[in-house]
Every structure is written in C-alpha cells, then in structure tokens.
Amino acid sequence: MMEENDSTTQWSAPVDFSERVDTLAFDIMGDLSFGKSFDIKEPGENPLKEVPHCIAEYMQFYYPMCRSPLLNLLVWLKPRGLDRLFEMATPPPVDRYTHFVHSSVTDRIALQKTQASKPEPEQRLDMFYFLAEARDPDTAAVAYEEDELRAESSLLIIDGSDTTAISLSGIFFYLTGDPGRYEKLVTEIRTTFESAEDIVHGPGLLGCDYLRACIDEGMRLTPAGPSELPREVLPGGIQIKWEHYPAGTIVGTVPWAMSRSPEMYGDAEMFKPERWIVNESTRVTKEMVATMRAGFHPFLSGTYSCLGKNLATAEMLITVARTLHRLDLRRAQGSTLGGGSPELGWGATDPKTASVRGCLHITAKRTRGAVQEEGLRSLGARDTLTLVLIRHHCAGKEHGLFTLFAGTELR
Ligand code: HEM
C-alpha cells in the first residue's frame with residue numbers, strides 16, 4: 001500500500017482492505033508452514049491469489065457435511081463408492097484448493113529430504129519441519145505418515161490464515177468507523193515507537209494497552225468462528241449450570257452470541273476498547289475486566305483450543321501497529337462496504353456491524369514517519385516478523401505436535 005501511494009497529503013484510491021489482510025495472513029502462514037511465502041500480497045499476476053477464496057468455498061462445501069447427523073454414514077460410505085460421487089460433486093475451487101495443498105506439501109516433503117543432510121542451523125525450521133520430524137514419545141516411530149502430514153498442513157493453512165484475516169478485517173473496520181478511538185490508538189503507537197521498524201514482538205508492544213484492548217474488542221465483535229464449536233460429552237455425562245447432559249450429547253457455545261451478551265457487556269454492540277482497561281475515570285474495575293475475560297475465549301479454551309493463539313496475537317499486534325505507524329487510514333468516502341447491508345440477508349443487515357462476507361474499502365496515505373523510514377530501509381533495516389515455534393514436549397498425535405509462542409526465532 002505504501003508503494004501504491006507516495007503522498008503524505010493525498011489519499012489513495014480505495015482499496016479492498018479485507019482482501020489485503022487476507023493475502024498478508026496467507027503469505028505469513030505459507031512462510032511459517034512451508035518455508036516460503038506464496039507472495040500473493042505482492043502486486044501483479046499470481047494464480048495463487050484465488051486460494052483464500054477457494055478456502056471459503058472449501059469451508060462452505062465441507063462444513064455442512066461435518067455437521068450433518070449422517071457424518072458417520074458418509075465416512076463409512078466414502079471408500080464404498082461415495083468418493084466417486086464426491087469427485088463429481090466437488091466445486092472446482094474446492095478441487096483447486098486441494099490441489100494447492102497437495103503440491104505445496106509435495107514440494108515441502110522434497111525439501112525435507114534434501115535438507116536432511118545439512119546441519120540443523122542450515123535447515124528451514126518451519127512448522128512442517130516439526131511435524132515431519134515428530135516422533136511418538138513411546139515408540140520413537142514417525143508420528144505422522146504422509147497423508148496425515150497433508151491433512152495437518154491443510155488444517156494449518158485454514159486455521160492460521162482465514163481466522164487471522166477475519167479478525168484483522170474486523171479490527172480495522174471498527175477502528176476506521178470511530179475516528180476518536182482511531183486517533184487514540186494512533187497516538188499510543190506513534191508515541192511508543194519512533195519508527196515502524198522498532199515495532200517487534202516484545203515489552204514495548206505488549207505494553208501498548210490500548211492496542212491490545214482494540215484487538216480484543218475487534219475480535220469480540222468479529223469472532224472468526226462465529227457459530228458454536230461442538231464438543232461431545234464424554235462417558236459419565238456433564239453438569240452444565242442446572243442441566244445434566246448424558247454422554248454423546250453435542251454441546252457448544254456460540255461466540256457471536258456470547259460476545260453480544262448485554263448481561264456481560266452492557267452496551268455489547270458498541271466498539272469500546274476501554275471496557276478491557278481498568279481505569280477509575282471510566283469506572284472499569286478489575287473485577288469487571290476479570291468477569292469479562294472469564295467469558296471471552298476467541299481462541300476457545302481447554303484441550304483442542306487454538307494452537308496458534310500466541311502466534312496469531314503477535315501477528316495482529318505487529319500488523320495493526322506497523323500499519324498505523326506507516327499509514328493514515330480512513331474509510332473510502334461514502335463507502336458502506338465492510339458492514340452489513342440488506343442484500344446480505346437476515347442477521348447481516350446492520351451497517352455498523354462488520355460482515356465477514358463483505359469487503360472493507362479503505363484509503364490510505366503515508367505518514368511522514370514512513371517516508372523517513374524509507375531511508376532506514378535502504379540502510380539495511382528489514383521487515384521481519386520474529387516468532388517462535390517450540391516443539392511440544394509430548395508429541396501427542398491427537399492434538400497436533402507443537403505449541404506456538406511468540407519470542408524465539410523461526411527460520
Ligand atoms: C486471530 C486468529 C485466530 C483465531 C481467532 C483462532 C481461533 C481458533 C479456534 C476458536 C479454534 C478451535 C476450533 C474448534 O474447536 O473447532 C482454533 C483451532 C486451531 N487453530 Fe486457531 N485461531 C487463529 C489463528 C491461528 C493461527 C495463526 C494458527 C497457526 C498456527 C492456528 C492454528 C490452529 C490449529 C492447528 C487449531 C486446531 C487445534 C486442534 O484441533 O487441536 N490458529 N483456532
């Protein structure tokens with residue numbers, strides 16, 4: 001975006017910002033998972049630019065099947081003739097996504113083999129590396145066969161890119177719809193960091209309370225997985241509040257509804273990052289924040305919650321902070337895109353609510369600081385997102401193999 005508009009005074013032509021964050025999150029995920037960016041965020045032709053859209057189609061195709069009461073029957077029928085039917089019924093974008101994952105993993109497996117003879121510091125230690133190298137703690141056998149590696153890789157791409165992009169879109173949607181709060185955040189970022197190059201994961205960034213609150217508030221109002229994420233009650237049943245649920249019952253809470261609970265948040269529909277910050281003058285107490293936090297789980301909680309929580313949080317903190325340090329943003333004049341509208345149908349008509357199906361039109365101009373940074377960059381400063389990947393101490397096959405933390409370097 002900086003390259004598209006050189007000016008510090010003229011606003012750029014409107015850009016579809018949702019598309020931009022989609023491509024950014026996808027490239028970061030490619031880099032971290034497969035050791036190479038797919039560069040779809042870069043200008044110019046690239047056939048992979050359609051992949052994030054294919055992911056959406058993939059989800060729409062498989063989601064109803066996965067939630068169908070006939071799922072077990074479908075799984076049973078798959079090798080008994082249903083596969084053929086599936087092939088015929090699969091929409092072309094879904095096929096293209098499957099093909100993309102297949103060829104990416106094939107390339108990465110080849111790299112794994114060629115780099116095996118090199119010393120570890122020279123190898124690409126991306127997420128795939130840890131999956132491929134994982135061993136069963138009891139038998140020391142390879143933890144993942146090739147088809148499992150392929151399935152895990154597909155899961156990583158979907159879980160890691162789409163979710164982050166939706167969250168970022170929501171955060172920027174609400175920020176650009178509220179000039180006062182936008183300015184407050186910009187002031188925090190530009191007074192904490194002298195240049196965007198200084199914005200790296202660390203105490204400075206983690207000390208930006210308002211930034212963190214904006215991210216939480218954006219994620220509250222735009223849950224990346226808005227519907228309930230089902231869990232099956234185990235033998236013995238479970239007591240939830242006043243009800244007993246027997247084994248086998250599917251239970252779940254709906255993040256969209258939880259986020260909008262008036263009992264919990266009061267003015268729940270309002271974008272109000274201040275609600276997350278203890279402050280006498282705004283009458284937000286420690287107890288109020290603790291109660292809200294106890295019910296706020298954008299990454300879910302417990303077993304099978306998000307493995308990429310820390311990584312995603314670091315990614316969002318850095319992306320929002322660097323963008324607002326380098327660029328002034330505002331909604332395209334007169335544009336109502338990004339929010340709900342009557343055409344989107346029931347449940348998505350409110351223009352003040354971010355729509356996961358819409359696009360967000362934003363215009364941008366460079367900040368003066370960004371122009372000075374150009375000089376810095378020519379002196380060799382680089383944009384890097386430094387992240388850590390720590391191998392999980394127990395290679396539990398059921399739950400993926402690694403836990404992600406921000407802080408250590410991933411090559
Ligand atoms: C803002 C961004 C993100 C959000 C809101 C988010 C949210 C979630 C949620 C709610 C789940 C639970 C899904 C379920 O129970 O069905 C989940 C699972 C998962 N997420 Fe994320 N996620 C984000 C980013 C990432 C990233 C960047 C990665 C990359 C490493 C990632 C990897 C995973 C994986 C591997 C799982 C499956 C865990 C399992 O089944 O054991 N997520 N995520």
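Modeller: Let's start with cysteine 306, in the loop between helix H13 (286-294) and helix H14 (309-326). Keep in mind that this is a predicted model.

Biologist: Is cysteine 306 buried or exposed?

Modeller: Buried. Its C-beta has 20 other C-beta atoms within 10 Å, and 20 or more counts as buried, so cysteine 306 qualifies.

Biologist: What does cysteine 306 touch, leaving out residues up to four places away in sequence?

Modeller: Phe299 and Leu300.

Biologist: And what UniProt annotation covers Cys306?

Modeller: "Binding site", according to the UniProt record, which is an unreviewed entry.

Biologist: On to the ligand. Which residues come nearest?

Modeller: There are 23 residues around the ligand. Asp159, Gly160, Thr163, Cys306 and Gly308 come nearest.

Biologist: Which elements give two or more residues to that shell?

Modeller: Helix H7 (146-176) and H14 do. H7 supplies the largest share, with 7 residues.

Biologist: How do the shell residues divide into nonpolar, polar and charged?

Modeller: 13 are nonpolar, 9 are polar and 1 is charged.

Biologist: Let's zoom out. How many helices and strands are in the protein chain?

Modeller: The chain has 15 helices and 9 strands.

Biologist: What percentage of the residues count as buried?

Modeller: 31% of the 411 residues in the protein chain.

How values were computed
Residues are numbered from 1 along each chain as its sequence is written. This is a predicted model: local features need pLDDT of at least 70, side-chain atom pairs count only at pLDDT 80 or more; totals for chains, interfaces and linings use all residues. Helices (H or I, at least four residues) and strands (E, at least two) are DSSP runs, numbered from the N terminus. A residue is buried if 20 or more other C-beta atoms lie within 10 Å of its own, exposed if 12 or fewer, and partly exposed in between; C-beta atoms are placed from the backbone. UniProt positions are given in the numbering used here, feature names are shortened, and annotations may be inferred rather than shown by experiment. Two residues are in contact if their C-beta atoms, placed from the backbone, lie within 7 Å. A residue is near a molecule or strand if its C-beta atom, placed from the backbone, lies within 6 Å of it. Ala, Val, Leu, Ile, Met, Phe, Trp, Tyr, Cys and Pro count as nonpolar, Asp, Glu, Lys and Arg as charged, and the others, Gly among them, as polar.
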